[in-house]
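Trainee: I have the sequence and the coordinates open together. Please take me through them, starting with a definition.

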Amino acid sequence: MQNDDVIWGIINKSFCSFKVNTKTHKFCRNEFNLTGLCSRVSCPLANSQYATIREENGVCFLYMKTIERAAFPSKLWEKVQLSRNFEKAVAQINENLVFWPNYIRQKCKQRLVKITQYLIRMRKLRLKNTKKLVPLQRKIERRERRREQKALIAARIDNAIEEQLLDRLKQGVYGDIYNFPKLAFDKALHDEEEDTDDEEIEDEKEEDIDAEVEEELEKDLEEEEELERVFVAADDFAESDVSDMEDMAEEDIEESDEEEVDKPGTSRILNKATRSRGTVEIEYEMETEPEPRVKA
Amino acid sequence: MSSESENEVDVKEEKPILEDYNELIRKANKIPVKHKRREEIRKAIRQKKKLKKKDRDSRRKEAEALGEDAPPKQVPHTLESLREKDETMVNHEGSDSEVEEDIKIDEFESYFNQSYVPKVVITSSANPCLKTRLFLKELCQVIPNSTAFHRRQSAVKKMISSSIERGFTDVIVINEHNKEPCSMLVTHLPTGPTAFFRLSNVKLTKHIKRDWREITSHRPEVILNNFNTRLGVTIGRMLGVLFHYDPQFKGRRVATFHNQRDYIFFRHHRLVFLLM
């Protein structure tokens with residue numbers, strides 16, 4: 001036999017597994033609870049006649065429990081699907097709970113209002129562009145980072161770029177922009193070609209001849225070096241090797257004053273060979289009066 | 001008996017080889033006492049290094065002595081040298097007729113016919129952070145004829161349709177993570193392909209101690225290195241299409257996309273040719 005008061009006496013005084021006590025309120029975690037609070041009137045266990053509204057996948061249902069079915073727990077809760085139309089749903093509630101206590105009817109309608117409101121909000125949010133959270137996988141991230149570092153080292157990007165640009169220069173893509181003195185330019189190119197030939201392993205008899213020729217050329221060209229791209233900072237440019245640049249167009253010297261190459265990391269790499277001969281370095285010292293100290 | 005004694009003598013005169021030194025290291029690793037173990041390991045490694053150096057020097061001397069007949073120089077194995085050749089590798093030197101045919105029909109063909117000037121719009125996610133904003137500005141400097149545009153909350157699809165109306169040809173969307181730009185979505189507009197890249201090691205000009213104002217408005221050269229497979233060719237073209245097809249060599253700017261082991265490294269340089 002169901003005796004609500006007895007049940008409530010036990011649940012309230014000793015232990016209820018659905019009860020959660022906080023500083024200000026007592027909550028009921030039972031899924032059929034109408035208000036969510038733990039009180040005599042809203043406890044689904046301590047009331048044999050009880051009703052709730054619950055929502056499943058956007059559809060609201062009215063659950064009702066009566067004393068007659070108290071002995072059949074599997075058939076205890078009667079489930080009525082409510083219409084999608086709010087007005088009609090309220091009418092359905094009124095119709096189903098017509099002779100029920102006022103409290104339950106009111107609370108059911110209030111709960112229906114809240115549920116429909118949050119369903120509307122969910123639908124609106126889904127239309128907006130929310131950011132998709134993509135979880136990162138730590139191992140994979142670590143692996144990829146390390147592989148990238150190794151790839152960077154293996155890439156030797158600057159060398160590759162230099163080669164490409166020199167190729168383009170040789171093919172004449174740039175036309176007449178760079179005015180190198182023809183003889184020196186050709187000699188430098190010839191020199192480079194022979195170097196690359198030497199590196200390849202060929203089974204030809206002419207190999208020896210080429211080697212000899214190369215040696216002679218090398219002796220002649222001791223002073224002139226290969227055509228290559230050198231990273232030179234603006235200051236150094238002004239000091240050294242100005243004599244070598246006589247033949248170059250004036251525009252190159254002017255442009256050297258600008259900041260030259262953005263290479264990440266090091267700001268200048270001077271080829272040792274550029275200072276091979278005895279270059280005279282002139283240092284200028286300027287005496288400036290110390291600025292008068294200004295007190296803030 | 002005499003033959004045995006000869007063998008013994010031979011064995012004693014045998015030079016120690018690399019295997020013996022590896023054995024020493026392995027033994028040293030097994031000593032349970034920490035300070036002793038460390039010392040032994042250090043000693044063994046030192047000896048191994050010495051042996052390797054001796055080896056190297058002797059090999060070099062032999063090569064010099066022999067001159068042209070020297071055995072070929074030993075080159076260490078790298079990932080690049082050991083990689084299995086992919087079926088879809090493209091032969092850049094020779095003429096791969098199939099590739100050429102495909103290239104003529106693909107979505108970028110109008111660019112390579114020089115029929116239009118690329119116009120790029122660069123955006124970010126909703127509320128970009130400082131780094132992303134600076135990155136947008138710098139990308140605008142690097143890519144000619146591009147505009148940075150802050151989209152407040154508009155959806156990407158909407159933005160793309162409106163940029164098609166305004167005549168843009170490429171869209172770049174930069175997303176961020178942890179207040180840094182972390183990924184890039186590149187779309188070629190009139191129904192072109194879309195690619196999604198993850199960015200790492202994003203360095204602005206201030207990190208390289210340079211000024212973004214030094215990037216002039218001359219149209220840069222583009223270098224695409226190592227895009228060797230069919231997929232690589234497509235991606236390379238996609239990146240190249242962002243830039244103008246007719247570079248101004250006077251400006252001496254070059255933008256490089258270098259592909260190494262499926263990582264694409266981007267660099268922007270100002271260059272000078274010096275005859276030394």
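Mentor: Axes are lines fitted to C-alpha atoms, for helices over the stretch in contact, and angles run from 0 to 180 degrees between N-to-C directions. This is a predicted model, in which local features need pLDDT of at least 70 and side-chain atom pairs count only at pLDDT 80 or more, while totals for chains, interfaces and linings use all residues. Residues are numbered from 1 along each chain as its sequence is written, chains are lettered from A and ligands numbered from 1 in the order in which they are written, and side-chain values use heavy atoms, with hydrogens and water left out.

Trainee: At what angle does helix α2 of chain A run to β4(A)?

Mentor: Helices (H or I, at least four residues) and strands (E, at least two) are DSSP runs, numbered from the N terminus. Helix α2, residues 86-96 of chain A, lies across β3, β4 and β5 of that chain. Helix α3 (residues 102-127) of chain A lies across β3 and β4, at about 10° to β3(A). For α2 against β4(A), the angle is about 10°.

Trainee: Which are the edge strands of the sheet formed by 3 strands of chain A?

Mentor: Two strands pair if DSSP finds at least two bridges between them. In chain A the order is β3-β4-β5, an open sheet with antiparallel pairing. An edge strand pairs on one side only, which here picks out β3 (50-56) and β5 (77-81) of chain A.

Trainee: Which residue in β5(A) is the bridge partner of Met64(A)?

Mentor: Strand β4 of chain A, residues 59-65, is joined to β5(A) by 5 bridges, and the two run antiparallel. Neighbouring strands of this sheet are turned by 25° against each other on average, direction ignored. The bridge partner of Met64(A) in β5(A) is Glu78(A).

Trainee: In what order do the 5 strands of the open sheet in chain B lie?

Mentor: Pairing in this sheet is mixed, and the twist averages 20° from one strand to the next. Its edge strands are β2 (146-149) and β5 of chain B.

Trainee: How many of the 8 residues of β7(B) are buried?

Mentor: Buried means under 20% relative accessible area, exposed over 50%, partly exposed in between (1.4 Å probe, protein chains only). On one side of β7(B), Arg253(B), Ala255(B), Phe257(B) and Asn259(B) are buried, and on the other Val254(B), Thr256(B), His258(B) and Gln260(B). The strand is largely enclosed by the rest of the structure because the buried count is 8 of the 8.

Trainee: With which side chain does the side chain of Gln260(B) make a polar contact?

Mentor: Gln260(B) sits in strand β7 of chain B and counts as buried at 6% relative accessibility. Not counting residues up to four places away in sequence, Gln260(B) touches (contact means heavy atoms within 4.5 Å) residues of both chains, including Ala151(A), Ala154(A) and Glu80(B). A polar contact is a pair of N or O atoms within 3.5 Å; within protein, one must be able to donate a hydrogen and the other to accept it, and residues adjacent in sequence count only if both atoms are side-chain atoms. At 3.3 Å, the partner is the side chain of Asn226(B).

Trainee: Of the residues in chain B, what percentage is buried?

Mentor: Chain B has 9 helices and 9 strands, whereas chain A has 9 helices and 6 strands. In chain A, 29% of the 296 residues count as buried. For the 276 residues of chain B, the figure is 36%.
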